[in-house]
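Please read the following note with the model open beside you.

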Amino acid sequence: QVQLVESGGGLVQAGGSLRLSCAASGRTFTNVDMGWYRQAPGKERELVSCITGRAGTTTYADSVKGRFTVSRDLAKSTVFLQMNSVKAEDTAIYSCTAGDDCSRKVDYWGQGTQVTVSS
């Protein structure tokens, strides 16, 4: 059974940093696109970042470009989201995903981890 388990969320002050982790298990994720989505109360879900399976190409939403960095450890089947210079508007539940395409074909979702930025 495929599982994605996020960790690292919590409360952080504006301007601070936080590192989220997503541990994947149940299959090989080498050629799978891994993404980070977020959803804030009353807002639509947003694809924050993606790292492709084969090439490791990374993409970011404009709202986090230059502040967030996605990376992975293939040996540990783990994906990370380094969040720097966080803002109040980054407050949301962050979920890890896996699939053939981060935006068009997500096959698996994690349970999500809450990130709260205090101003």
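1. Trp-109 is partly exposed, with a relative accessible area of 37%, whereas Tyr-37 is buried at 9%; buried means under 20% relative accessible area, exposed over 50%, and partly exposed in between, with a 1.4 Å probe and protein chains only. This is a predicted model, in which local features need pLDDT of at least 70 and side-chain atom pairs count only at pLDDT 80 or more, while totals for chains, interfaces and linings use all residues. Residues are numbered from 1 along each chain as its sequence is written, and side-chain values use heavy atoms, with hydrogens and water left out.

2. How many aromatic pairs does the count come to? The count comes to one, where rings of Phe, Tyr and Trp (its six-membered ring) pair if their centres lie within 6.5 Å, and planes under 30 degrees apart count as stacked, over 60 as edge-to-face and the rest as tilted. The ring centres of Tyr-37 and Trp-109 are 4.9 Å apart and their planes stand at 50 degrees, so the pair is tilted.

3. Arg-45 lies over the face of Tyr-37, 5.8 Å from the ring centre, and the charged end of Arg-19 sits over the ring of Phe-80, at 3.9 Å from its centre.

4. Leu-81 has contacts (heavy atoms within 4.5 Å) that, leaving aside neighbours within four places in sequence, include Arg-19, Trp-36 and Tyr-94.

Methods. Lys NZ or Arg CZ within 6 Å of the ring centre and 35° of its normal.
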